[in-house]
Amino acid sequence: MTNPAIVGFSGNFTRPSKTRGFVDHIVTEIAGRYGLAASTHDIVDLGPSLGNAKATRDLDVQARAILERILAADVLVVGSPTYKGSYTGLFKHFFDLVDPAALRGKPVLLAATGGGDRHALIVEHQLRPLFGFFEAFALPTSVYASEKDFADGVLASEAIRARIGLAVDDVGVALVGRQHARIAAE
């Protein structure tokens with residue numbers, strides 16, 4: 001049996017990226033607490049094949065490998081910068097390529113960043129419905145951080161760190177539930 005894994009995926013397509021750093025921060029917290037293998041990826045990591053892909057078979061080897069890691073993960077952390085009130089188009093395009101049943105029951109921690117507090121509802125009005133479509137288990141605690149929560153591109157807000165702590169607790173509950181379900185299935 002392989003070590004349980006957590007995978008982070010950021011919808012940002014520029015570097016450096018506060019969103020990728022934010023997602024990676026959350027992934028690192030979860031991996032450290034629960035001893036999970038961890039990796040974080042973003043749109044840039046997918047390479048140029050994403051833009052023209054109409055199906056997963058159109059993705060290049062690197063992009064397919066990242067997709068396979070996402071699908072095989074025990075827990076996902078997904079995040080996007082807020083662009084005109086929603087997630088980025090390439091983020092949505094990537095998930096448009098995913099089989100609708102592939103994320104069923106998978107714990108997903110939803111995160112987003114934005115320029116100000118008025119974008120905070122992106123998680124509830126955009127990300128949660130997207131992962132609801134996949135029948136993923138979107139964890140109850142989501143995390144949104146605005147421009148004021150960062151200093152020099154690094155998360156600085158203690159209130160957001162505390163919220164991440166609550167979300168990390170949710171992951172623990174989800175992992176225990178998944179473990180019980182696996183045992184019952186055996």
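A nonpolar core is a set of buried Ala, Val, Leu, Ile, Met, Phe, Trp, Tyr and Cys residues joined through side-chain atoms within 4.5 Å. In this predicted model, the largest such core has 33 residues, and Phe 9, Val 78, Phe 91, Phe 95 and Phe 131 have the most contacts inside it.

| Element | Residues |
|---|---|
| Helix H5 | 89-96 |

Helix H6 provides the largest share, 5 residues. Another core, of 24 residues, lies apart from this one and includes Ile 30, Ala 31, Val 143 and Leu 175.

Beyond its neighbours within four places in sequence, Phe 9 is in contact with several residues, among them Val 23, His 41, Ile 43, Leu 46, Ile 70, Val 78, Phe 91 and Phe 95.

At the surface, a nonpolar patch is formed by Phe 13, Val 44 and Leu 90, whose accessible area together is about 240 Å². Leu 90 belongs to helix H5; this residue counts as partly exposed because its relative accessibility is 33%, between the limits of 20% and 50%.

The chain as a whole has 7 helices and 8 strands. Its radius of gyration is 16 Å, close to the 16 Å given by the globule rule for 186 residues, so the chain is as compact as a globular protein of that length. Of the 186 residues, 48% count as buried. Among contacts between residues at least 6 apart in sequence, 75% join residues at least 24 apart. Carbon and sulfur atoms account for 56% of the accessible surface of about 9,100 Å².

Methods:
Residues are numbered from 1 along each chain as its sequence is written. This is a predicted model: local features need pLDDT of at least 70, side-chain atom pairs count only at pLDDT 80 or more; totals for chains, interfaces and linings use all residues. Side-chain values use heavy atoms; hydrogens and water are left out. Patches are made of residues with over 30% relative accessible area and no salt bridge: like charges are joined within 9 Å, nonpolar side chains (Val, Leu, Ile, Met, Phe, Trp, Tyr) within 5 Å. Accessible areas come from the Shrake-Rupley method with a 1.4 Å probe; for residues, only the protein chains shown count as cover. A salt bridge is a side-chain nitrogen of Lys or Arg within 4 Å of a carboxyl oxygen of Asp or Glu. Helices (H or I, at least four residues) and strands (E, at least two) are DSSP runs, numbered from the N terminus. Buried means under 20% relative accessible area, exposed over 50%, partly exposed in between (1.4 Å probe, protein chains only). Contact means heavy atoms within 4.5 Å. The radius of gyration is taken over C-alpha atoms; the globule rule is 2.2 Å times the number of residues to the power 0.38.
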